[in-house]
Amino acid sequence: MFRLTHTSAAVAARVGLGARTPTPERSYSDSGIRVPQLATFRLPEIKNEPTRDYVPGSAEQEQLMAAVEELGSKTHHIPLVINGKEVRTGDVQKQVNPGNKSQVLCTYENAGPKEVDAAIEGALAAKSKWEAMPIYDRQAIFLRAADLLATKYRYKLMAASMLGQGKNIWQAEIDAATEAVDFLRFNVKYSAEIYAQQPPLNAPGIWNRVEYRPLEGFVYAVSPFNFTAIGVNLAAAPALMGNTVLWKPSNSAVLSNYVAYDIMREAGVPDGVMQFVPGDAAAMTKQVFEHPEFASLHFTGSTHVFKNMWKQIAENIDRYKSYPRIVGETGGKNYHLVHSSANMDNAVNGTIRGAFEFQGQKCSACSRLYVPKSMWSEFREKLVAGTESIKMGPITDPTNFMGPVINQAAYDKITGYIEVARSSSDCEIIAGGKYSDKDGYYIRPTIVLTSDPYCKLMKEEIFGPVLTVYVYDDAEFDSIINTISETTPYGLTGAVFAEDRMAAVHASTRLLHTAGNFYINDKCTGAVVGQQPFGGSRASGTNDKPGSPSLLQRFVLPRSIKENMIPISGYTYPSNQ
């Protein structure tokens with residue numbers, strides 16, 4: 001497992017990538033005789049994977065940190081994987097440890113046009129056998145992947161996420177371990193529920209039924225750096241439903257995504273069903289979107305990139321065999337609204353967690369905070385004290401609550417916003433504001449107090465550890481709700497803190513379209529698969545709710561079947577007599 005390999009021209013020759021790959025013969029309709037279904041199977045009980053605490057001195061913390069040390073002891077090389085073959089292109093890039101940027105965690109191959117073409121053709125060639133495989137067998141593969149991830153490879157995948165993406169132990173646990181496992185298991189549960197959705201009525205002599213066909217073509221999965229679990233789900237969800245997938249991982253998360261990919265290969269995902277193709281995002285996307293059998297985009301990333309992708313798809317719409325399914329989760333400018341009746345300590349601590357865990361690099365992270373004037377003095381004291389007490393540093397020290405941001409581009413963008421606040425007459429930095437990229441990309445958690453609720457830091461997604469606060473008059477609770485809704489184009493997550501039930505109900509109702517995930521007396525991050533399906537609308541995405549059956553429905557084409565048991569004896573109807 002996790003086959004780390006050395007450069008070899010023989011591998012490329014073996015898969016014939018020296019010249020343009022001939023288009024293989026393929027058929028979507030001729031799958032041969034179906035495998036007999038000899039029973040209706042019952043799935044194992046599906047539950048959320050329990051989280052582990054990793055307390056100091058525990059065996060689980062020692063084993064995890066040993067995996068971190070082992071994985072970080074050398075530079076790994078990650079190939080492309082196309083049709084089950086490891087491919088080298090000669091275009092080699094690197095992924096560094098963001099907490100120690102002199103450490104190259106891995107080098108990886110970049111796919112060029114020939115490799116992307118081979119990946120597409122291979123995925124289409126693998127499609128007929130994969131979609132003909134009974135759902136029970138596909139479910140078994142992903143249940144096995146979940147069990148491998150939860151046990152044998154838990155610490156390895158967590159270690160790759162910690163080193164490569166700057167996650168502390170808890171953030172790696174709730175991502176690379178529990179959420180990734182939950183996606184795999186609950187998707188199996190939801191697929192069974194979808195297949196069980198059948199017509200409720202049959203006329204005399206008629207049997208009605210519905211089949212859930214995979215999409216006609218291939219799926220393009222483009223995953224982000226911030227959640228390993230999202231990468232797993234972007235590729236695995238459509239594959240479970242019988243689709244074949246090109247998986248383009250983020251260049252800042254190649255190591256963890258490859259470990260996850262290799263786990264699914266070990267679990268039994270056949271060659272060609274998932275093609276692992278790191279590469280230049282713009283060039284690969286252009287090539288993919290020009291292919292007539294492009295069937296779906298499964299995306300998580302920035303709003304700007306997603307909008308550009310949507311435009312490219314629209315420009316190519318006449319090329320496609322079918323209308324592509326566009327599924328995307330993008331940015332957010334998420335809020336905490338504190339009512340004067342709120343439990344102050346709960347609101348303060350929830351805000352610190354929501355804004356600064358994983359360095360604010362969650363699409364759901366709290367970025368704007370609204371506090372009533374009557375509470376602000378004490379609230380500020382507690383918020384600033386808690387924020388300044390945050391311990392930050394390398395993930396190799398388990399006591400650190402925060403680590404680095406992901407790369408130089410992110411560091412420059414986030415610190416740019418801090419400097420805008422520093423130079424602005426309507427902003428005051430009341431905590432943090434310090435940063436250094438000498439060894440890694442470290443930015444202290446920063447709180448900005450503003451007198452302008454529509455200032456730049458209140459409107460634009462920063463995607464880092466910067467929280468902007470606006471203090472409102474207690475009597476203006478209703479008008480501040482309007483401000484929250486009007487300030488940004490996003491609609492991902494939000495929270496209200498209020499012990500007054502009527503205030504909570506009022507806020508929830510008025511803020512209906514501001515958040516696809518809304519929280520009452522809890523932070524606006526931390527959605528759990530099977531409990532809070534995740535996603536937002538407006539500029540935050542298509543709100544197809546990963547962690548629910550709704551997402552899987554996007555990757556099937558239902559076919560209604562009507563079978564008549566009694567031959568008709570004529571063509572006229574009684575009214576024709």
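A cavity, on a 1 Å grid over the protein atoms alone, is a set of points where a 1.4 Å probe fits but cannot get out. Keep that in mind for the first stop. This is a predicted model, in which local features need pLDDT of at least 70, side-chain atom pairs count only at pLDDT 80 or more, and totals for chains, interfaces and linings use all residues. Residues are numbered from 1 along each chain as its sequence is written, and side-chain values use heavy atoms, with hydrogens and water left out.

**First stop: the cavities**

Searching the whole structure turns up three cavities of 30 Å³ or more.

**Second stop: α6 and α7**

Now select helix α6 (residues 169-195) and helix α7 (residues 228-240); helices are DSSP runs of H or I, at least four residues, numbered from the N terminus. How do α6 and α7 lie to each other? Their angle is about 20°, with axes 9 Å apart, and they are therefore roughly parallel (under 35 degrees). Axes are lines fitted to C-alpha atoms over the stretch in contact, and angles run from 0 to 180 degrees between N-to-C directions.

**Last stop: α7 and α8**

Show Thr 228, Val 232 and Ala 236 of α7 with Ser 256, Asn 257, Ala 260 and Met 264 of α8, which make the contact (heavy atoms within 4.5 Å).

Conventions
On a 1 Å grid over the protein atoms alone, a cavity is a set of points where a 1.4 Å probe fits but cannot get out, and a pocket is an open set with protein on both sides within 12 Å along at least five of seven lines; lining residues have an atom within 4 Å of a point. Grid points are joined across faces, edges and corners, and a volume is the space filled by probe spheres set on the points. Helices (H or I, at least four residues) and strands (E, at least two) are DSSP runs, numbered from the N terminus. Angles under 35 degrees count as roughly parallel, over 145 as roughly antiparallel, 65 to 115 as roughly perpendicular and the rest as oblique.
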